[in-house]
Amino acid sequence: MKIILIYPYFLDERLQVEDVRVVPIGLYYIGAVLKENQHDVEIVNWYDIHKTPHKIEETLEEKRPDIIGVSIMNANRWGGIDIAKITKKILPEVKTVFGGIGTTFLWQHLLTHFKEIDFAVLGEGEYSFLNLVQCIEKENYDRINEIKGIAFRKGEKVIKTSDAEIIQDLDLLPMPSKYFEFHHLSSSRGCPANCTFCGSPQFWGRKVRFHSPEYFSDQIERLYSKGITFFYVSDDTFTMRKDRVIQICKKIIEKDLQIAWFAISRVNHVDEEILYWMRKAGCIQISYGVESGSEKIRGILNKNIKTDDIKRAFAMTTKYGILARAYFIYGSPGESYETIQETINLIHEIKPLSTIFYILDIFPGTALYEDFKRKTKLRDDIWLKRIEDIMYFESDPRLSKDEILAFGQKLKSDYFSHLGEFADAVELADNKDLYKSHADFLSRLAMTFSHGDYAAIETIPEKEEVARRLYERSLSYCPNHRAYLGLGIIKQKRGEYEESVQILSEGVKQYPDSKPLVTCLGVSYMKLNQYEEALKCFLKFPDSREALQYAAACYRTLGDSEKESSILRRLERATYEASR
Ligand code: SF4
């Protein structure tokens, strides 16, 4: 059968598009199982298709699928519903199947109110979806009740079949990398914790299941062979089993996979040994849910982590040159200016180099939602409103919107005003084996201040100076391409051309074929009126339009119109080639 698997758009625009643009890894697993069973599958990332809505119809008309499978969370369910409506309008015979966490906790509501949804796949969907596809293919609807883990309409009734068994051995799943290319990886399913705001425990169960280190590292190797070198490991707690993680890291190192990756963990599940191996294997960021500086609020959220564990984890992670990112939630039950201050105090102690501040949301599948329904007597019908989710404070008369906005403002402005100090306070392990990765860590961090996300944030003071110090610290460990270039550019911007030439020349000695370094060095020579030296740099890259433009400018200043014309002709050719 021809199946399109769709990741739909969200209602609200995000400040950071990274939060929504990644197709959930679950769709790739489903795609792989279907392909393994000879179905024709395509995965489409429609996180931003609402900006060009005509493309939905065009794609469906062109591909004419038999089935569309839509994976939703709560916040993008309206995107999925809109797409299903369009599908049924132009291709009424197409079967529409919804899955994902957003479907699993709202199947009854969705099938009751939205006739454009034919089937819901609940929970872990690989085999339920496959069985459903086979049933649709054979039009064998008499036995549809026998397919476990689905729900559907029969007349006016909504029927749910018995739960599907969970997949005990995840390695038996076909490898998605055999068929697709992606950046998100999953090495386990489930989370033993039970935070009141999170749907993961109810979706996956609290007993964690794992891929073997072999399966996981083979998956990375296959993607690496397709040219993918950056990964997000989206396990709820990647470091749950220490030995297994170390085995994974050793395999990445043995296979010589030159990759960088992000992971998620809990502050009480890391130690120095695991962090050492993760860094050696390319991990550059670990996200931890800290949620609040108030122990009382963490208790209410059932977060179950101690302040000492938080402090220990952040210090240790940074020590190994891994950026420790902190997730905070505000607007929780009992939130006040005092608890916000406790969060600020904790931030000053753990000095996170990256933070995300969220307002507490309520969505189906969480203890918080059940509590909300009990207290308000509202039912799932609330999701008929065209909203993404409900903010907790909207249900608590003790919290007002203005107050919540003020809390967020206070947290963010305090954080950004101290971020430079936090970067300066980084203490790294004095382990020669890690010097190269320390240089990499510091130069990456510097780059966020000089050219990256932080460069655009006005409330961060002295960004360029912070970047300069970090680049210099980076080079004190080891030669580093990013640090030479970043520092050279800063010196150039400040008009310190002699120093810029010096630092960039050192860089070029280490990386003689680096176009950015050599070109930047040429520019600094130009600023010093050393045109012959500058030309040596630019003419090293006769195919680079940027270098040719600079070379032409040098000849013009030197009054050599013949050479200038020859370079301009070459530039014209290069421009023509590039436009073809
Ligand atoms: S927030 Fe994290 S630790 Fe808590 S239940 Fe969810 S996945 Fe587990």
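1. Arg209 lies in strand S10 (residues 209-210); helices (H or I, at least four residues) and strands (E, at least two) are DSSP runs numbered from the N terminus. This is a predicted model, in which local features need pLDDT of at least 70, side-chain atom pairs count only at pLDDT 80 or more, and totals for chains, interfaces and linings use all residues. Residues are numbered from 1 along each chain as its sequence is written, and side-chain values use heavy atoms, with hydrogens and water left out.

2. Arg209 counts as buried because its relative accessibility is 3%; buried means under 20% relative accessible area, exposed over 50%, and partly exposed in between (1.4 Å probe, protein chains only). Leaving aside residues up to four places away in sequence, Arg209 touches Glu124, Ile166, Ile167, Gln168, Leu170, Ser187, Ser188, Arg189 and Trp204, where contact means heavy atoms within 4.5 Å. The side chain of Arg209 also reaches the backbone oxygen of Ile167 at 2.9 Å.

3. Pro176 sits in the loop between strand S7 (157-160) and strand S8 (184-185). With 0% relative accessibility, Pro176 is counted as buried. Its contacts, not counting residues up to four places away in sequence, are Tyr28, Tyr29, Ala32, Phe182, Tyr215 and Gln219. Pro176 and Gly205 are 29 residues apart in sequence, and their C-alpha atoms are 23 Å apart in space.

4. Helix H6 covers residues 126-138; at 1.5 Å a residue its 13 residues should span 18 Å, which agrees with the 19 Å between its end C-alpha atoms. The expected span is 1.5 Å times one less than the number of residues in the helix. Buried residues in H6 are Glu126, Ser128, Phe129, Leu130, Leu132, Val133, Cys135 and Ile136. Just after H6, Glu139 takes a positive phi of about 50 degrees.

5. Glu462, in the loop between helix H16 (435-450) and helix H17 (463-477), has a positive phi of about 50 degrees although it is not a glycine. Most residues other than glycine have a negative phi. Glu462 is exposed, with a relative accessible area of 56%. Asn529 is likewise not a glycine and has a positive phi of about 60 degrees. The loop holding Asn529 runs between helix H20 (515-527) and helix H21 (531-538), and at 55% relative accessibility Asn529 counts as exposed.

6. Which residues surround the ligand? They are Cys191, Ala193, Cys195, Phe197, Cys198, Pro201, Asp236, Arg266 and Lys303, each with a heavy atom within 4 Å of the ligand. By class, this shell has six nonpolar, no polar and three charged residues. Here Ala, Val, Leu, Ile, Met, Phe, Trp, Tyr, Cys and Pro count as nonpolar, Asp, Glu, Lys and Arg as charged, and the others, Gly among them, as polar.

Terms used:
A polar contact is a pair of N or O atoms within 3.5 Å; within protein, one must be able to donate a hydrogen and the other to accept it, and residues adjacent in sequence count only if both atoms are side-chain atoms.
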